[in-house]
Amino acid sequence: MTLQANSRRDFVKKALTGTAALSLGGMLPAFSPKSYARILGANERVMLGLMGVNSRGLALASNFAVQPNFEVISISDVDTRAADKCIQTVADLTKRAPNAIPDFRKALENKDMDALVIAAPDHWHAPAAILASKAGKHVYLEKPCSHNPNEGEMLVAVAKKYKNVIQMGNQRRSWPNVAAGIAEVQGGTIGRPYFAKGWYTNNRPSIGIGKQVPVPEWLNYDLWQGPAPRKPYQDNLIHYNWHWFWNWGTGEALNNGTHMVDLMRWGLGVDYPTQVTSSGGRYRYQDDWQTPDTQVISLEFPNNTAMTWEGRSCNGRRIEGNSVGVMFYGEEGSLLIESGNSYKIYDLENKLVKEVENDLQIDPRNKMNPSQALDAFHFQNFHDGITKGVALKSDIVAGHQSTLLCQLGNIAQRSGSTLEVDPSNGHIKNNKEAMKLWKRDYEKGWAPTV
């Protein structure tokens, strides 16, 4: 620590005890433990801009704002109501209001910004991250990292070219007990793991049949669509229901499946598959929802392992007592990673032989903020990656690999085919119809480039 940092620490300690307050003529603000922690971290503070703050982005802004070594300096959102709410929330937490910069591209011009946090809809994830990288910023990118496989490969190329830090927000990689459970799998506690199943269940209602109506005055719909080909505005699209339209979203497989597929890939020690199949459809309601509400994706890997992911958007019956989870099956037992930061180990006779519990309540169906305290571990890893060069828990290569497995499942579903895949790079082999979904069309003038 530098002499200047030591002097700051000594001064703040005196201020907290009142011995230094008078020397500032009453200018020193009231201190709390939280504000003290922020000042101690000021010499290594990472300045953040947030893009997309209606739901998950609001939770990210709130959580980043209270970290001692981050500062939220700008908020960008196409919804003025969401931006105003987020700015007020951050101001209430920190006593400093970030700037409102509706177009994140303008925010990227700020030389004081170190990193962009992206929580906009899926179709914006990769294009925004690429623009931020080109502007010299680091990126915290909510999952999935891309809308389609080609964009994921572009992100990997961008990080290599611009040498910035890009962390994907699959936060369970940093949850301590989850990481410990994966270490048990990799360490042979259940013998050689050869199969894993993951799942997500919910009771989502119908989104109905949308009506084309005028764009609300609070919404910049053109910027919201951004790189996606233009579609008329309808009243059941924004916010959240865009997940179920292929033009902007990626369905439940990437909305929630990415987390569990990532854990399975991690535990089994695999990268790319050899074969992918998918079954399912939109079964529960007859409405505008395009992506499957029920889906089972199966993937096989070259190390003689396999995994499945089951998604049920409209029937919340739990599996293994959890609405979200992963089960690893090995030659000597099984290991269950539950919806929270906990796991259980069973022997081959189904006897519970070990249980590691979590003392924090987690609601995996809370799309805004299911796990604030635990997610801070992932944020701090992102910070250390920027300031110290520490290895990321989920760098963009790993993020792309996990995202791609879900994308391959969707491609198999949409093309109605079994995908044969090159395990060296994840590319689909000898299937022209499926390869039509490897990339997407862009609105003229909006296509991302490396």
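Mentor: Helices here are DSSP runs of H or I with at least four residues, strands are runs of E with at least two, and both are numbered from the N terminus. This is a predicted model, in which local features need pLDDT of at least 70 and side-chain atom pairs count only at pLDDT 80 or more, while totals for chains, interfaces and linings use all residues. Residues are numbered from 1 along each chain as its sequence is written, and side-chain values use heavy atoms, with hydrogens and water left out.

Trainee: Where is serine 394 found, and why is serine 394 called buried?

Mentor: Serine 394 lies in the loop between α12 (372–387) and α13 (396–415). Buried means under 20% relative accessible area, exposed over 50% and partly exposed in between, with a 1.4 Å probe and protein chains only; serine 394 has a relative accessible area of 0%, so serine 394 is buried.

Trainee: What makes the approach of serine 394 to the side chain of asparagine 170 a polar contact?

Mentor: A polar contact is a pair of N or O atoms within 3.5 Å; within protein, one must be able to donate a hydrogen and the other to accept it, and residues adjacent in sequence count only if both atoms are side-chain atoms. The side chains of serine 394 and asparagine 170 make such a contact at 2.6 Å.

Trainee: How do you know that asparagine 236 is buried, and which side chain does the side chain of asparagine 236 join in a polar contact?

Mentor: Asparagine 236, in the loop between α9 (221–225) and α10 (251–255), has 7% relative accessibility and therefore counts as buried. Its side chain joins that of aspartate 288 in a polar contact of 3.1 Å, and the side chain of asparagine 236 also reaches the backbone oxygen of isoleucine 207 at 3.1 Å.

Trainee: What makes strand β8 and strand β9 a pair?

Mentor: Two strands pair if DSSP finds at least two bridges between them, and β8 (residues 275–281) and β9 (residues 294–301) have seven bridges in the antiparallel sense. Serine 278 stands opposite isoleucine 297 in β9. β8 also pairs in the antiparallel sense with β15 (residues 419–420), over two bridges.

Trainee: Why is helix α7 called roughly antiparallel to α13?

Mentor: Helix α7 (residues 149–162) packs against α13 at an angle of about 170°, with their axes 9 Å apart. Axes are lines fitted to C-alpha atoms, for helices over the stretch in contact, and angles run from 0 to 180 degrees between N-to-C directions. Angles under 35 degrees count as roughly parallel, over 145 as roughly antiparallel, 65 to 115 as roughly perpendicular and the rest as oblique, so α7 is roughly antiparallel to α13.
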